[in-house]
Amino acid sequence: MKLKMFLGFLIVIAVASVVLVSCQEEELSGASAKLSIRLSDRRMEARTIMPASALMQTRKYRVSGTGPGSASFGPLDSLESTIDVENLSVGQWTITAMALNAEGNEIASGSGEFNIGRGQNEVTVVLDQMTGSGQLRLNLDWNEDITYLDNIKLDISVQDISGTEIYSVTKDSDRVSQGISVLIPLNAGCYIVSVHASDSDGSLDVGAADAVRIIKGSVSEGSLHLSGSKPVAEPSFVIENRVGSPMAFYLEYSPTNIAVGGSVTLNARYSNLDSMIDTSSLVYQWFCDGVQFYSGSASTRTITALRGVHRYDVIVRSSSPGTMCGASLTLNVT
């Protein structure tokens, strides 16, 4: 069972410090200032469904501002990490910045209001908004264990990072088909997609879930393979680790000898996390065959071993947008 997907990243444009000089309005008449905007591109990479990796990379930055009266500057484009603006009017300014990819589409944007004083000023603009819209192309296929069924119902759901369902659709297939493709329009941002497959007589109960990153004007394409639920002669375990940086999670299980109806403890663990991620704020969403059965702060879940092939996914998200990732475990129990 192999997912063909990648994860996207969070771009944060930050600046070192803010040095502000406050003055009375009557003292500022005719005064001018110099503004230095330093941009630090911090890439957050993990694996998920996302556009081509080149479209996730910042190629240039664009900054503009409006100030006292009708004063303004920009838009100014820069390939470098520092943008200096000369001869600004002293007073209150609103500064907007964005990161652009190779196609000129916004990856992230942000704005702030700053009181600019005389002399040299340094300000911080944080790009914490993902703007625009794109598309998710989800390719679903399944093995021969499923194709013998006459009617297959596929329930597809998309949640935002808060766990709220924003899109759902049901697709029907037949024994002739071995896959379908669904194109879903979404606003730029991070999402959770889950798929559950079933049939009318209850002999099919499989599914999967994964994280998705959407950027403006691009298609995020990924594939989910659904395995059938027929058990094999001997119990077997297939563990799929999806390792990313900085969010790198994998699933452990115990005990190693599992019988039908026995208890199994699943443990979502990480090998390395960026220092900016607060582990106490992590949220875990657990899925069985694409159906969510828990959402909260628990990194472990105890389940009852079900007969047949069943896939368990965990999607992990932090307080920082764009860091979402997942891991999966497939159990085949007789």
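**The second largest cavity and its surroundings**

Modeller: Let us begin with the residues that line the second largest cavity, which are Ala-305, Leu-306, Gly-308, His-310, Tyr-312, Leu-331 and Val-333. This is a predicted model, in which local features need pLDDT of at least 70 and side-chain atom pairs count only at pLDDT 80 or more, while totals for chains, interfaces and linings use all residues. Residues are numbered from 1 along each chain as its sequence is written, and side-chain values use heavy atoms, with hydrogens and water left out.

Biologist: What makes a space a cavity, and what makes a residue part of its lining?

Modeller: On a 1 Å grid over the protein atoms alone, a cavity is a set of points where a 1.4 Å probe fits but cannot get out, and lining residues have an atom within 4 Å of a point.

Biologist: Which strands supply the lining of the second largest cavity?

Modeller: β23 (308-317) and β24 (325-333) each supply at least two residues, and the largest share, 3 residues, comes from β23. Strands here are DSSP runs of E with at least two residues, numbered from the N terminus.

Biologist: Why is Ala-268 called buried?

Modeller: Buried means under 20% relative accessible area, with a 1.4 Å probe and protein chains only; Ala-268 has 5% relative accessibility, and therefore counts as buried. Ala-268 is found in strand β19 (residues 263-272).

Biologist: Which residues does Ala-268 touch, not counting those up to four places away in sequence?

Modeller: Contact means heavy atoms within 4.5 Å, and Ala-268 touches Phe-249, Tyr-250, Leu-251, Tyr-284, Trp-286, Ser-299 and Val-314. Of these, Phe-249 is 19 residues apart from Ala-268 in sequence and 6.5 Å apart in space, C-alpha to C-alpha.

Biologist: How do you know where the model should be read with caution?

Modeller: The guide is pLDDT, the predictor's confidence in each residue, from 0 to 100. The mean pLDDT of the chain is 76, and 75% of its residues reach 70 or more. Over residues 40-47, however, the pLDDT is below 50, although this stretch has 45 contacts in the model beyond near neighbours in sequence. Where pLDDT is low, the predicted coordinates should not be read in detail.

Note on methods. 1 Å grid on protein atoms, 1.4 Å probe; cavity = no way out; pocket = protein on both sides within 12 Å on 5 of 7 lines; lining within 4 Å. Helix = DSSP H or I, 4+ residues; strand = E, 2+ residues; numbered from the N terminus. Buried < 20%, exposed > 50% of the residue type's maximum accessible area, 1.4 Å probe, protein only.
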